[in-house]
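Please study the sequence and the three-dimensional structure shown below. The paragraphs that follow lead through selected residues step by step.

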Amino acid sequence: MNNDNKLQALLSLYNNIISEIDFFQNQGDSTGVISVITVVIIPLLNTFNVNEFVVFCACLFAPCIVLLNLQRGLQAHTFVAMLRGYAASIEENINGIIGENHYLYNSCLVDRYIASQKVVKSRGLKTSMLTTFMMHYVILVICIGFFIFYNPYKFLAVYILASIWYLLAILFTTKLCIDFKNKESKRFESKEYCLQQVKN
């Protein structure tokens, strides 16, 4: 295959990958909105005088929605990281063919200006990680507050079981947030893997 045909094939593949990145990016970002809506519904149920038991169940069920959305967001953003690595390898191949470094978005610019943003420059905590951690922990704290406020069953056993359930929800949220923090390594792994496959 001559360089012109190879370049056209790579550009077509690159455009398809960028479309996939946009799709999974939007899918991952939309999950946070659903989690917020979940906790907004609970006081609305109470405002409309819905049965106390239904509000009580909603307080306990809300963390499930938060966890499912966090898992769904993690999966989508893992796809984004993997595809950005793939796109970065294609950018390097395109740049090699044209003899210029014009294609830099996924291979250089994302890491320099987006992925590397930190809350404190001297620390390792990145802005996207802090946002993810804080948002989901705040939602869980709100769920716990709603449970205490709207709970019609003032039995010790109910509080003990609810405490265990919320503690498990916090632990699972922590695990998923750590996985979210580590997903960025997939971008570099994907890039290296794709470049190795081209060489082979």
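Which side chain of opposite charge is nearest to Glu-91, and how many Å away is it? Before the answer, some conventions are needed. This is a predicted model, in which local features need pLDDT of at least 70 and side-chain atom pairs count only at pLDDT 80 or more, while totals for chains, interfaces and linings use all residues. Residues are numbered from 1 along each chain as its sequence is written, and side-chain values use heavy atoms, with hydrogens and water left out.

The answer is Arg-84, at 7.4 Å. Glu-91 is buried but has no salt bridge. Here buried means under 20% relative accessible area, exposed means over 50%, and partly exposed lies in between, with a 1.4 Å probe and protein chains only. A salt bridge is a side-chain nitrogen of Lys or Arg within 4 Å of a carboxyl oxygen of Asp or Glu. For charge, Lys and Arg count as positive and Asp and Glu as negative, whereas His and the chain ends are not counted.

Glu-91 belongs to helix α2, which covers residues 52-98. Helices (H or I, at least four residues) and strands (E, at least two) are DSSP runs, numbered from the N terminus. The side chain of Glu-91 has a polar contact with that of Ser-107, at 2.8 Å. A polar contact is a pair of N or O atoms within 3.5 Å; within protein, one must be able to donate a hydrogen and the other to accept it, and residues adjacent in sequence count only if both atoms are side-chain atoms. Apart from neighbours within four places in sequence, the contacts of Glu-91 (heavy atoms within 4.5 Å) include Tyr-14, Tyr-103 and Ser-107.

Arg-84 also lies in helix α2. Arg-84 is likewise buried without a salt bridge, and the nearest side chain of opposite charge to Arg-84 is Asp-22, 6.0 Å away. Among the residues that Arg-84 touches, not counting those up to four places away in sequence, are Ile-21, Gln-25 and Arg-187.

Side chains of opposite charge can pair when their charged atoms come close. The structure holds two salt bridges. One of them joins Lys-191 and Glu-92, at 2.7 Å from N to O. Because Lys-191 lies in helix α6 (residues 185-199) and Glu-92 in helix α2, this pair ties together parts that are 99 residues apart in sequence. Lys-191 is buried, with a relative accessible area of 16%, whereas Glu-92 is partly exposed at 36%.

Lys-175 and Asp-179 also meet in a salt bridge, at 2.7 Å from N to O. Both residues lie in helix α5, four residues apart, about one turn of the helix. Lys-175 is partly exposed, with a relative accessible area of 47%, and Asp-179 is partly exposed at 26%.

Cys-59, in helix α2, has a relative accessible area of 1%. The C-alpha atoms of Cys-59 and Phe-147 are 5.3 Å apart, although 88 residues separate the two along the chain. Setting aside neighbours within four places in sequence, the contacts of Cys-59 include Ile-42, Cys-143 and Phe-146. Val-39 is found in helix α1 (residues 3-47) and is buried, with a relative accessible area of 7%. Beyond residues up to four places away in sequence, Val-39 touches Ile-139, Ile-142, Cys-143 and Phe-146.
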